[in-house]
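Hi,

Here is the structure I promised to send over. Have a look at it first, and then read on for my notes.

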Amino acid sequence: MNTKAELIVLNHTKFGENSIVLHTISNEYGRKGFLVRLSSKNSMALFLPMNILEAEISENPKSQLWRVSNFVCLSPLNGIRGDIRKNTMTVFMSEVLYRAILENTNEGGLASWLKQEILTLDALESDFSNFHLLFLLDLCSALGFRPSISGLAPFAGTQLSNIEALLRNYYRTFQGFSSHDGISQSASLQGGLSQSSFSQDNPQGSSTGLAKALMQPLRGTDRNEIAEAIIRYISYHTETSLNIRSLAILREIFG
């Protein structure tokens, strides 16, 4: 049976001489790998991390590795592809998702949330050096454990005050952040996932909360340590060991 689906690319791995396994997230299939036969019709540029594609899925009940073909790029992501810093962030985002979410996991709403994150990054024109930190915080909520000061404290090291400030700036204005317990008091949950901090109708979401968090002054070493702290927090909750190699590249790009 052939069906069409919207797929978000995480990465790909070589499979034989002329094929790859394309690792994706979608509303229909969750986190799933598909077999792609390479040809002149399939430019490898289609399979860059975080690309949003429509494709035809050939479902096969006799195999766990279904084929996918006839790709259409649904968004050019010009703001990302034209900026090495944003491109590096998408590599980081995709690696975190690839390692944190198990194959065949299907959490309702995860792909819709991720699409909003991608379009938000694509639309930002400046002051996006903190974006990957906000992505990690949103991912915690998307996976079902909202970030809190008390929850992050054991992993924060010397960055607890910066993490607390980041949470305040990001959530207080439009999600009812409470300094008492550090959690969003009004974030709604749907299908096990909290709604993204960004409006479904406007990829840039709340200009106040987002801008305040993006403009929070942090040194490159601070960002790296905060990212490591949140990754340890995610590792703890997902019971996975997350060794995110692309974090070192982010450190080089942003200082």
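Below is what turned up when I went through the model, from the overall picture down to single residues.

First, a word on confidence. This is a predicted model, with a mean pLDDT of 86 for the protein, and 86% of the residues reach 70 or more. Where pLDDT is low, though, the predicted coordinates should not be read in detail.

Now the overall make-up. You'll find 9 helices and 7 strands in the protein. Of its 255 residues, buried ones make up 51%. The protein exposes about 11,900 Å², and carbon and sulfur atoms supply 49% of that. If you take the contacts between residues at least 6 apart in sequence, 67% of them join residues at least 24 apart.

On to the strands. Strand 1 (residues 2-15) and strand 4 (residues 52-58) run antiparallel and are joined by 7 bridges. To find your way along that pairing, look for Ile8, which stands opposite Ile52 in strand 4. Strand 4 also runs antiparallel to strand 5 (residues 67-73), with 5 bridges between them. There, Glu56 has Ser69 of strand 5 as its bridge partner.

Leu22 is worth a click while you are in this region. The residue sits in strand 2 (residues 19-26) and is buried, because its relative accessibility is 0%. What does Leu22 contact, leaving aside its neighbours within four places in sequence? The list is Val9, Asn11, His12, Lys32, Gly33, Phe34, Val36, Phe47 and Phe71. Leu10 is 12 residues away from Leu22 along the chain, and the C-alpha atoms of the two are separated by 7.8 Å.

Next, the salt bridges. A search of the whole structure gives 6 of them, and here are some to look at.

- Arg31 and Glu103: their side chains meet at 2.6 Å, N to O. Arg31 lies in strand 3 (residues 30-37) and Glu103 in the loop between helix 2 and helix 3 (110-123), so this pair ties together parts that are 72 residues apart in sequence. Arg31 is buried at 6% relative accessible area, whereas Glu103 counts as partly exposed at 35%.
- Glu95 and Arg99: this salt bridge comes in at 3.0 Å, N to O. Both residues lie in helix 2, 4 residues apart, which is about one turn of the helix. Glu95 counts as buried, with 11% relative accessibility, while Arg99 is partly exposed at 34%.
- Arg219 and Asp222: the closest N and O atoms of this salt bridge are 3.2 Å apart. Asp222 counts as buried at 7% relative accessibility, but Arg219 is exposed, with a relative accessible area of 58%.

Then there is the surface. Which residues form a nonpolar patch there? Ile84, Ile249 and Ile253 do, with about 260 Å² of accessible area together. Ile84 is found in helix 2 (residues 84-100), and its 58% relative accessibility is why it counts as exposed.

Last, some backbone angles. Met50 is not a glycine, yet it has a positive phi of about 75 degrees. You can find Met50 in the loop between strand 3 and strand 4. Is Met50 buried or exposed? At 0% relative accessibility, Met50 counts as buried. Glu239 is not a glycine either and has a positive phi of about 55 degrees. Its place is the loop between helix 8 (220-238) and helix 9 (246-254), and at 73% relative accessibility Glu239 counts as exposed.

Cheers

Terms used: Residues are numbered from 1 along each chain as its sequence is written. This is a predicted model: local features need pLDDT of at least 70, side-chain atom pairs count only at pLDDT 80 or more; totals for chains, interfaces and linings use all residues. Side-chain values use heavy atoms; hydrogens and water are left out. pLDDT is the predictor's confidence in each residue, from 0 to 100. Patches are made of residues with over 30% relative accessible area and no salt bridge: like charges are joined within 9 Å, nonpolar side chains (Val, Leu, Ile, Met, Phe, Trp, Tyr) within 5 Å. Accessible areas come from the Shrake-Rupley method with a 1.4 Å probe; for residues, only the protein chains shown count as cover. A salt bridge is a side-chain nitrogen of Lys or Arg within 4 Å of a carboxyl oxygen of Asp or Glu. Helices (H or I, at least four residues) and strands (E, at least two) are DSSP runs, numbered from the N terminus. Buried means under 20% relative accessible area, exposed over 50%, partly exposed in between (1.4 Å probe, protein chains only). Two strands pair if DSSP finds at least two bridges between them. Contact means heavy atoms within 4.5 Å.
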